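Hi,

Here is the structure I promised to send over. Have a look at it first, and then read on for my notes.

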Amino acid sequence: MFPRPLPEEKPLQRGLYVGFVALILILWLLPLFAVMLTASKTADEIMAGQYWTWPKHFNLIENFQAVFAQTNMWGYFINSLIITLPSVLLVLVFSTLTGYVLARYNFKGNALVFALFVGGNFLPAQIMMIPVRDLMVSVGLYDTYLALIIFHVAFQTGFATLFMRNFIAALPDELFQAARAEGASPWQTLRHVVIPLMRPALAALAILTFTFVWNDYFWAIVLTQSDAVKPVTAGLNNLRGEWTSAWNIVAAATLFVAVPPVTMFFLMQKHFIAGLTMGAVKG
Amino acid sequence: MSELWKRHRNWLAPLLFIAPGALLFGTIIIASSFESVWISFFDWDGVGPKTWAGLANYRELFADPQFYVSLKNNVIWLVMFMAAPPLGLALALLVNQQVAGMRFLKSLFFIPLVLATVTVGVVFGWVYDPNYGLLALIFNLFGATAPALLADEHAVTFAVVVAALWPQIAFCMVLFLAGLNNLSPDIIGAGRVDGARGWNMLWHVVLPQLRQVGFIALAVTVVGALRSFDMIAVMTSGGPFGSSEVLAYQMYEQSIFSYRFGYGAAIATVLFAIMIVFITWYLRMMVRLEKETR
């Protein structure tokens with residue numbers, strides 16, 4: 001291990017170390033604490049310019065209630081769910097199929113197709129913005145959930161294919177030889193050999209794709225317009241424009257937007273990190 | 001029919017498997033990117049008919065001072081973002097100890113990474129507020145007045161990049177932590193026997209083993225820098241007077257706000273050309289590293 005592990009028999013040294021790390025952590029997350037503090041204040045305190053004092057009256061619950069009652073955040077939140085959940089599901093299905101074929105079939109052009117998936121997934125969104133927007137307008141999907149779902153599924157399939165292909169390629173060859181010897185069809189091999197082994201990969205990919213799609217802002221403002229379909233990210237930015245001086249409300253809404261990805265992260269931390277680092281680290 | 005299927009299923013089935021993902025990605029991502037190049041040769045308001053303009057959009061672009069401001073800002077993003085891998089590595093080294101409670105502390109360090117960029121933008125909007133922000137608080141402690149960073153055309157890009165570095169450093173930290181957990185104990189042990197310590201150990205024994213993770217960290221950092229859009233849109237809308245725009249933002253603004261889709265497409269094409277250079281480098285490195293580890 002590097003750095004050298006702190007010796008077990010020196011509890012003072014270990015205690016000082018944890019204290020030091022905690023101090024760095026507080027500085028690291030200071031901007032976030034600032035938002036939490038603001039979200040706990042009353043409008044009066046904000047009006048009086050008291051941003052950094054400890055809240056006189058703890059107002060977090062009331063501010064959240066105001067967010068739900070007086071803004072459309074709840075509606076945006078539901079929109080985000082309607083966009084994100086089907087996208088994640090479809091990405092998992094498509095990328096399992098593409099990853100399986102690219103990992104296990106040696107056809108001509110395999111490397112090229114794989115390179116296109118990998119390379120395409122690095123392209124900044126603005127490069128494809130005009131044609132995608134035009135396409136959605138011309139097929140009548142502009143400003144619908146479906147426009148965002150279709151785009152997110154297409155784009156995330158690039159990264160997901162890279163991920164799945166590497167995972168399936170790392171499975172032992174013997175499994176596939178045995179399946180072939182038994183005369184299993186490609187579908188049977190996929191269904192009974194590959195998919196049962198994919199659980200960790202599917203979990204990791206699900207949490208990553210969820211975070212990517214949930215946090216998208218660019219496509220939300222390019223492909224939607226009306227409040228009825230807008231996701232939370234675009235909603236939050238609108239809210240900030242409309243409630244310029246009510247910082248306590250904006251702060252509460254900001255926390256609300258962050259809740260799903262942060263919760264998902266803490267629930268599935270192991271998978272999230274395994275997913276991000278997969279391919280980066282072998283073994 | 002079923003006879004025919006059985007005879008050909010070994011190539012038909014994989015074709016059917018790969019078709020939905022490949023068609024979707026091929027048309028919406030790959031083909032659209034190339035279509036942007038085609039559109040860049042036209043005058044187009046996004047609604048009416050396109051009229052052929054030849055290279056006029058490019059001629060105008062290369063004479064547009066805003067283009068050079070955006071390009072310069074792209075370079076600033078790229079250069080400043082290079083701080084993310086070393087700082088991520090430093091944080092990873094800091095927390096890489098097995099002490100009670102460390103797992104929880106570690107995961108708190110990752111939070112910026114899972115926040116939406118819009119959230120990060122809104123949060124740092126607070127930090128930089130010249131009257132009540134965190135920065136103002138710090139300046140006031142020393143009896144000074146905080147500068148209005150986001151309103152200063154010389155400082156604004158730097159301020160936005162610092163905000164964007166927050167999640168990027170967390171990303172690199174996650175990658176390096178995974179790399180540190182995967183170090184070969186034998187090589188580290190051999191290094192210790194040879195008397196390598198501290199910096200020496202890090203430089204000569206640890207870093208060579210982190211090459212692959214370092215490569216990924218560098219690649220995601222370059223992509224992150226070139227993709228910068230959300231933070232600019234949320235924190236400054238490109239202002240003041242376009243001084244914080246990058247190519248991606250200028251492209252968006254020209255298309256969506258000025259209805260100049262042909263001109264926007266020309267900017268997208270320049271960005272595309274830059275990305276192709278990067279992607280070619282990445283794919284070649286990936287192939288080389290894959291060969292090395294086999």
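Leaving aside its neighbours within four places in sequence, which residues is B:Asn96 in contact with? Please keep in mind throughout that this is a predicted model. From chain A, the partners of B:Asn96 are A:Met1, A:Phe2, A:Pro3 and A:Tyr17, and from chain B they are B:Leu177, B:Leu180 and B:Asn181. B:Asn96 sits in the loop between helix H4 (84-95) and helix H5 (102-109) of chain B. With a relative accessible area of 2%, B:Asn96 is buried.

That residue brings us to the interface. Here 99 residues of chain B are in contact with 95 residues of chain A. Between them the two chains bury about 9,000 Å², and 77% of that is on carbon and sulfur atoms. On the chain B side, B:Phe17, B:Val114 and B:Trp126 lose the most area to chain A, together 9% of what that side buries. Helix H1 (residues 2-39) of chain B gives the largest share of the side that touches chain A, with 19 residues. Sorted by class, that side of chain B has 74 nonpolar, 18 polar and 7 charged residues.

How many salt bridges does the rule find across the interface of chain B and chain A? The count is 0. Polar contacts do occur there, with 11 residue pairs between chain B and chain A, both residues at pLDDT 80 or more.

Now for the salt bridges elsewhere. Over all chains, the structure holds 3 salt bridges:

- A:Lys41 pairs with A:Glu45, and their closest N and O atoms are 3.5 Å apart. Both A:Lys41 and A:Glu45 are buried.
- A:Arg104 meets A:Asp173 at 2.7 Å, N to O. A:Arg104 lies in helix H5 (residues 73-104) of chain A and A:Asp173 in helix H9 (residues 173-181) of chain A, so this pair ties together parts that are 69 residues apart in sequence. A:Arg104 counts as buried at 18% relative accessibility, whereas A:Asp173 is partly exposed at 43%.
- B:Arg260 meets B:Glu60 at 2.9 Å, N to O. This pair links distant parts of the chain, 200 residues apart: B:Arg260 is in the loop between helix H14 (247-257) and helix H15 (261-293) of chain B, and B:Glu60 is in helix H2 (residues 56-62) of chain B. B:Arg260 is partly exposed at 28% relative accessibility, and B:Glu60 is partly exposed with a relative accessible area of 35%.

Back in chain A, A:Ser87 is found in helix H5. Is A:Ser87 buried or exposed? A:Ser87 counts as buried, because its relative accessibility is 0% and the cut-off for buried is under 20%. Not counting residues up to four places away in sequence, A:Ser87 touches A:Ile149, A:His152, A:Val153 and A:Val213.

Helix H7 (residues 126-138) of chain A also got a check on its length. At 1.5 Å a residue, its 13 residues should span 18 Å, and the end C-alpha atoms are 19 Å apart, which agrees. Buried residues in H7(A) include A:Ile127, A:Met128, A:Pro131 and A:Arg133. After H7(A) comes A:Gly140, with a positive phi near 75°.

A few backbone details in chain B are worth a look on screen. In general, most residues other than glycine have a negative phi, and most peptide bonds are trans. The loop between helix H13 (230-235) and H14 of chain B holds B:Pro240, and the peptide bond from B:Gly239 to B:Pro240 is cis, with omega near -5°. B:Ser237 has its place in the loop between H13 and H14 of chain B, and its phi is positive, near 50°. B:Ser237 is partly exposed at 43% relative accessibility. B:Tyr259, in the loop between H14 and H15 of chain B, has a positive phi of about 55° although it is not a glycine. At 53% relative accessibility, B:Tyr259 counts as exposed.

Finally, there is B:Asn131, in the loop between helix H7 (117-128) and helix H8 (134-141) of chain B. B:Asn131 is exposed at 55% relative accessibility. Its C-alpha atom is separated by 9.3 Å from that of B:Pro147, 16 residues apart along the chain.

Best wishes

Definitions and conventions
Residues numbered from 1 in each chain as written. Chains lettered and ligands numbered in written order. Predicted model: local features only at pLDDT ≥ 70, side-chain atom pairs only at ≥ 80, totals over all residues. Heavy atoms only, no water. Contact = heavy atoms within 4.5 Å. Buried area = accessible area lost by both parts, 1.4 Å probe. Salt bridge = Lys/Arg side-chain N within 4 Å of Asp/Glu carboxyl O. Polar contact = N/O pair within 3.5 Å; in protein donor to acceptor, adjacent residues only side chain to side chain. Helix = DSSP H or I, 4+ residues; strand = E, 2+ residues; numbered from the N terminus. Nonpolar A, V, L, I, M, F, W, Y, C, P; charged D, E, K, R; others polar. Buried < 20%, exposed > 50% of the residue type's maximum accessible area, 1.4 Å probe, protein only. Expected span 1.5 Å × (residues − 1).
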